[in-house]
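This report describes charged side-chain contacts and open space in one protein model. Please keep the structure in view while reading.

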Amino acid sequence: MNTIEVEPKLIKLKIKDIDVFLEDYEPGKGKITISSFNYGAFTFYWGSMGSDLKDFLLRINGDYFAGKLSNNSYVFDAKGSTKNVRKHIREELSYELPRYKFMSAQKEMREAIKNLEYVSSNNEFVARMIDLPDNLMCYDLDYKEEREFKDIIEGVFKSEPWHFIAEKLSNEYKWLVSLHKDLKKVLLTF
């Protein structure tokens, strides 16, 4: 069986300490490879660009570029997730759990919620949310008050805690958006 190999047109660029390789295979088809000491390697192939790779990269925006190359566009946001929990308690439980009711238990609960800001993954966040009501020590409450307080907050913490999970753009994604901006400047010079 005979095969035909087409040598791609290769352009090698150096942007700061980053190596960028642009390969045009044939009109409308090309690949970019990026190698960075800090962020690793990225590659993407476009099979239908409508132009050569250089013109295509000049036409697209940074979000599209980063979205195609990034392995992790979004990452878990512990502070945002904790903020969602606080907002829910403040807005949805204001009638059942006013500030003046179960004050010492609420203070302890706020401290436990503050500690959620330091979890490192969404799985850890969910596990800590589920365990939180059971781990609160409500010293100033009698048994009936403690049960009432825990019944109120268990609805928040134990039923579907993953709805509070927030995400943010990853540093990798932001870096790729920034790199695209620098790449466009370099591409405009030739």
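## Terms and model

A residue is called buried when its relative accessible area is under 20%, exposed when that area is over 50%, and partly exposed in between. The structure discussed here is a predicted model.

The side chains of Asp-134 and Lys-158 form a salt bridge, with a distance of 2.8 Å from N to O. This pair connects distant parts of the chain, since the two residues are 24 residues apart. Asp-134 belongs to helix H5, whereas Lys-158 lies in the loop between helix H6 (143-157) and strand E6 (166-169).

Asp-134 has a relative accessible area of 44% and is therefore partly exposed. Lys-158, at 33% relative accessibility, is likewise counted as partly exposed.

Arg-128 and Glu-124 form a salt bridge whose closest N and O atoms are 3.2 Å apart. Both residues belong to helix H5 (residues 122-135), and because they are four residues apart there, about one helical turn separates them. Arg-128 is partly exposed at 39% relative accessibility, and Glu-124 is partly exposed at 25%.

## Further salt bridges

The structure contains twelve salt bridges. One of them joins the side chains of Arg-147 and Glu-154, at 3.4 Å from N to O. The relative accessible area of Arg-147 is 31%, so this residue is partly exposed. Glu-154 also counts as partly exposed, with a relative accessibility of 22%.

## The largest pocket

What classes of residue make up the lining of the largest pocket? There are five nonpolar, two polar and four charged residues. Among the lining residues are Arg-86, Arg-90, Arg-99 and Arg-110, together with Ile-89, Leu-97, Pro-98, Met-109 and Ile-113. The lining also includes Ser-94 and Gln-106.

Key: Residues numbered from 1 in each chain as written. Predicted model: local features only at pLDDT ≥ 70, side-chain atom pairs only at ≥ 80, totals over all residues. Heavy atoms only, no water. Salt bridge = Lys/Arg side-chain N within 4 Å of Asp/Glu carboxyl O. Buried < 20%, exposed > 50% of the residue type's maximum accessible area, 1.4 Å probe, protein only. 1 Å grid on protein atoms, 1.4 Å probe; cavity = no way out; pocket = protein on both sides within 12 Å on 5 of 7 lines; lining within 4 Å. Nonpolar A, V, L, I, M, F, W, Y, C, P; charged D, E, K, R; others polar.
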